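Work through the exercises below with the sequence and the structure at hand. Each task is followed by its solution in steps.

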Amino acid sequence: MTAVIFDMDGTLFQTDLILDWALEETFVQLRELGKWENETPIALYRKIMGVPLPVVWETLLPNHPQEDRDFADGYFLDKLLVAIQTDQGALYPNAKELLEKLACSGFQLFIASNGLTRYLQTIVDHYGLAECITETFSIQQIDSQNKSDLVGSILLKYNLNAGAVVGDRLSDILAAKDNHLKAIGCRFDFSDREELAQADYVVDDLMEADPILNRLFVRNN
């Protein structure tokens with residue numbers, strides 16, 4: 001079997017649709033608690049999108065104690081879950097269709113994300129992705145908080161040594177290269193041109209990944 005490992009935020013799921021609202025709600029709460037006075041740092045979060053959440057709060061709240069960061073992290077997660085469950089978010093066009101096609105072609109599909117387990121599972125459940133995805137992996141499951149290590153753990157668990165990582169940020173591309181997989185970059189909302197230049201292939205629509213993957217691997221499935 002050949003593995004295709006997908007990032008979630010900015011790759012399968014349009015996090016952009018719910019990010020601003022959830023972050024704004026979080027910083028409104030911080031203001032009410034007297035823990036924040038400035039504008040909500042949405043632009044800064046967009047710039048670092050894709051890093052593990054502990055790094056997010058270290059960056060957005062650099063002068064705050066860990067207690068405040070933990071509170072913001074939990075409150076933000078709750079708002080994201082509400083947004084998903086009330087259909088404020090959406091998958092990217094052709095996301096589910098691509099997963100279904102690849103599963104039918106014999107690929108073994110996984111999600112590897114810097115998102116938290118509850119968040120990822122809420123998306124998988126809400127959009128019915130479990131029928132295509134073998135397993136969803138969160139960065140919470142790896143001590144190093146390194147996506148390359150997370151992808152490596154998937155390959156080890158399922159005894160896989162060929163395939164691709166599909167994602168929008170440098171961490172996804174490096175995770176592919178560090179594990180001797182192909183890197184397919186998605187030119188979507190949070191992507192960066194210089195980062196995508198390091199991918200083996202770049203797509204503007206998820207369905208463009210189908211012929212690439214079949215051309216590369218279909219004979220190995």
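Buried means under 20% relative accessible area, exposed over 50%, and partly exposed in between (1.4 Å probe, protein chains only). The model is predicted: local features need pLDDT of at least 70, side-chain atom pairs count only at pLDDT 80 or more, and totals for chains, interfaces and linings use all residues. Residues are numbered from 1 along each chain as its sequence is written, and side-chain values use heavy atoms, with hydrogens and water left out.

**Exercise 1.** Find which residues of helix H8 are buried, and state how they are arranged around the helix axis.

Step 1. Helices (H or I, at least four residues) and strands (E, at least two) are DSSP runs, numbered from the N terminus. H8 covers residues 170-178, and its buried residues are Asp172, Ile173, Ala175 and Ala176.

Step 2. Viewed down the axis of H8, these buried residues fall within an arc of 160°, so they line one face of the helix. The arc is that of the directions from the helix axis to the C-beta atoms.

Step 3. An α-helix has 3.6 residues a turn, so residues three or four places apart point the same way.

Step 4. Packing against the buried residues of H8 are helix H7 (147-158), strand E4 (163-167), strand E5 (182-186) and helix H9 (193-196); contact here means heavy atoms within 4.5 Å.

Step 5. Just after H8, His180 takes a positive phi of about 60°.

**Exercise 2.** Which residue forms a salt bridge with Lys147, and is Lys147 buried or exposed?

Step 1. A salt bridge is a side-chain nitrogen of Lys or Arg within 4 Å of a carboxyl oxygen of Asp or Glu. Lys147 pairs with Asp172, with 2.5 Å between the closest N and O atoms.

Step 2. Lys147 lies in helix H7 and Asp172 in helix H8, so the pair ties together parts 25 residues apart in sequence.

Step 3. Lys147 counts as buried at 6% relative accessibility, and Asp172 counts as buried at 3%.

Step 4. Salt bridges that share partners join Asp7, Lys147 and Asp172 into one network.
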